[in-house]
Amino acid sequence: MHARHWCTSVSIQKTELASPYKNMIKLPPTSLAIWAVLVLATYEVQAGVLQVTPSPTRDVISLDGLWYFTINGSHVDSIEESEDQEINLMPVPSSYNDISTKLDVRDHAGAVWYKRSFFVPSSWKNKKVWIRFGSVCYNATVSINGEVAAEHEIGHLPFAAEVSQFLKLGEDNDILVEVNNILTNTTIPQGELNTLISGRKKVSYTFDFFNYAGIDRPVYLYTTNEIYIDDIDIHTNLNGSDGLINYNVAVVGGDSTLKYEINILDNKGKVAGTSSSQSSTLNINNATLWWPYLMAKNPGYLYTFEVFIRSKDDVLLDYYKQRFGIRVLEYTNTTFTINGKNIYMRGFGKHEDSDIRGKGLDLPTILRDFNLIRWIGANSFRTSHYPYADEIMDLADQFGIMVIDEVPAVNTQDYNKELLENHKRSLTELHKRDKNRPSVVLWSIANEPVIGEPVSEDYYRQIKAHIKSLDTSRPITLANSYTYDTEYAAQFVDILGVNRYEAWYHQVGEIDGIYPRVLEQAKGWHTKFNKPVIYTEYGADSKEGLSYLPTFIWSEEYQNDLITEYFKAFDELRDDQGWLVGEMIWCFADFRTDQDIRRLGGNKKGLFTRSRQPKQAAFRMRKRYWELAHNLNNATLPADLDPYIVSFTSSKNVNFKDEL
């Protein structure tokens, strides 16, 4: 059938253990002690807190590097002395699965443990000390010096906790992180723990990407004063050529005597607006707007929101800088606009996936990806099928790449109350992290959920109500693999996301049937729901270097011919209908999946290989995306788009007819 792909402040006072993982595996004595401490302890966990950045009031220590590691619970108390030297050390950030050569590490099901020591300076004596994880997949229990300091149950999203009470100042401290990759029917995403005939445990799942696990994004210690900035909300609007900045600064520990200094800085650091209020609206004269790549000569323009908080005696208590862009999104039943101009999204589904590192943060690969995105002339991607790293989102803001921001809800089914609450919590944490990002133009509430039965209707009615309670400035979508007449959830989104694999999962090999089928499906979606449509997925696998004439499945020619037929349908819909507002091929680059006879070392639908080299289809897509940018947004075509082939302008050329 279709492809199975995965993809307001929050402060939670934890007073008891409430984890879907607690009965999944037998825990070693050390872990049992940890759980006991957790039940008795009260600690604060904050989800999606401000990004970590050093400042005059905030010190930062990175905990990235090599940590001790084990998959054996009996070794927790002596990880440093493990006899298995191959997996005794593990890099952070990274997924742990592909670092080792061992099968039982790559396919491990259950808990693993990371441990290291770190030094805390005595100068932090009068500070609050926090720890922040960019992401741990999927469940983390963090202990410092033998006491549980934090727990988090959703992967791909950050969490932080104050850990001052657990630290020894001026000394080395020990940190132990228990990471569990088990998925259940209530986790986001869902999965199941099975026991194979050999006795080995295996996490089974329906999503079509590998279940990478580990501490896959950076880990930081940082400090604040007792009075500190906890959150910043920024909403932008336009008044003619002026930008309106409506903001609120959430502060913990302060009172009415605090003094606020707010500065809006342009991208040269020049002050464009000021305020002395904790919450207000600022007017920026002749504002420079945030535009997507190739929609303006200066895409991705960012201002800086600068906050100073001082005591009544003018002592600086906290300082923070938040980058943002000024732009306005609007949508109707036929249009999607930014700053009053029509959006046509040209992009891809993607994955955080690279050799060896898995889903671990990999800055060289990330920057290569953005260079390829701009090379090919795209202006957008979807974070299929989970939130991407802060560093990726920062670059999307900076380069003007629009993002459909998706929660880790993929192939959702077996609907239940606990699942609903976890789904809503993932949306809350995602919104809190990314709400100020100009690049985020759509929230995606799920990818390919099972929505062919009426039971799904009320579930997605509640999901819509939840995200709309957090944000009404952005439309919402859902990447839908059903046909328009067989599902129950599309009624709750603002822009219809369609995943459709004509001539691949449907009518394989029938390239000549793509054009009419795409027209029929797209028109059916719009006619029934009277909403704009984005093709969020289409495509075909191709094996790099496999070539057939005439075209045949899995060849690079087949991938080329297939996407060309989609192009014909998209152009007719865009030109004649007007309500098609985007096309996003599946996918940007090949990626690793679980073992499957349909997968040759992974999913091969990428325009680029896993090592980020172009297939034939990348060059064809480049010509299309740049021509779309030229015709829709007057972008200047790159000089190498049509390389030199032949010329007949030379005086030496002789017309064949003249010789007769």
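Predicted model: local features only at pLDDT ≥ 70, side-chain atom pairs only at ≥ 80, totals over all residues.
1. Let's start with a word you'll meet throughout: a residue is buried when its relative accessible area is under 20%, exposed when that value is over 50%, and partly exposed in between, using a 1.4 Å probe and protein chains only. Residues are numbered from 1 along each chain as its sequence is written, and side-chain values use heavy atoms, with hydrogens and water left out.

2. What does K115 pair up with? Its side chain meets that of E80 in a salt bridge, at 3.4 Å from N to O. The term stands for a side-chain nitrogen of Lys or Arg within 4 Å of a carboxyl oxygen of Asp or Glu. E80 sits in the loop between β4 and β5 (89-92) and K115 in strand β6 (residues 111-120), so the pair ties together parts that are 35 residues apart in sequence. The labels come from DSSP runs, numbered from the N terminus: helices are H or I with at least four residues, and strands are E with at least two. E80 is partly exposed, because its relative accessibility is 33%.

3. The structure holds 47 salt bridges, and here is another one to look up. D369 and K350 meet through their side chains at 3.2 Å, N to O. D369 belongs to helix α3 (residues 363-376) and K350 to the loop between β27 (345-349) and α3, so this pair ties together parts 19 residues apart in sequence. D369 is buried at 5% relative accessibility, and K350 is buried at 7%.

4. Now try D541 and K605, whose side chains form a salt bridge of 2.7 Å, N to O. This pair links distant parts of the chain, 64 residues apart: D541 is in the loop between β33 (533-537) and α8 (556-577), and K605 is in the loop between β34 (580-585) and α9 (616-633). Both ends are buried: D541 has a relative accessible area of 0%, and K605 comes out at 0% too.

5. Salt bridges can also join up. R132, D390, D394, D397, R433, D434 and R437 are linked in a network of them.

6. α4 (390-399), β23 (316-324) and α5 (417-434) each supply at least two lining residues, and α4 gives the most, with five.

7. On the surface, L66, Y68 and L89 make up a nonpolar patch, with about 270 Å² of accessible area together. A patch of this kind takes residues with over 30% relative accessible area and no salt bridge, joining nonpolar side chains (Val, Leu, Ile, Met, Phe, Trp, Tyr) within 5 Å and, for charged patches, like charges within 9 Å. Y68 lies in strand β4 (residues 65-70) and is partly exposed, at 31% relative accessibility.

8. Most residues other than glycine have a negative phi, and most peptide bonds are trans. Yet the bond from C137 to Y138 is cis, with omega near 0 degrees, and so is the bond joining W586 and C587, where omega is about 5 degrees. C137 is buried at 0% relative accessibility, and C587 is buried at 1%. I356 is not a glycine but has a positive phi of about 70 degrees; I356 is found in the loop between β27 and α3 and is exposed, at 51% relative accessibility. Q507, also not a glycine, has a positive phi of about 50 degrees, and Q507 is partly exposed at 33%.

Terms used:
Areas by Shrake-Rupley, 256 points an atom, 1.4 Å probe, with all protein chains shown as cover.
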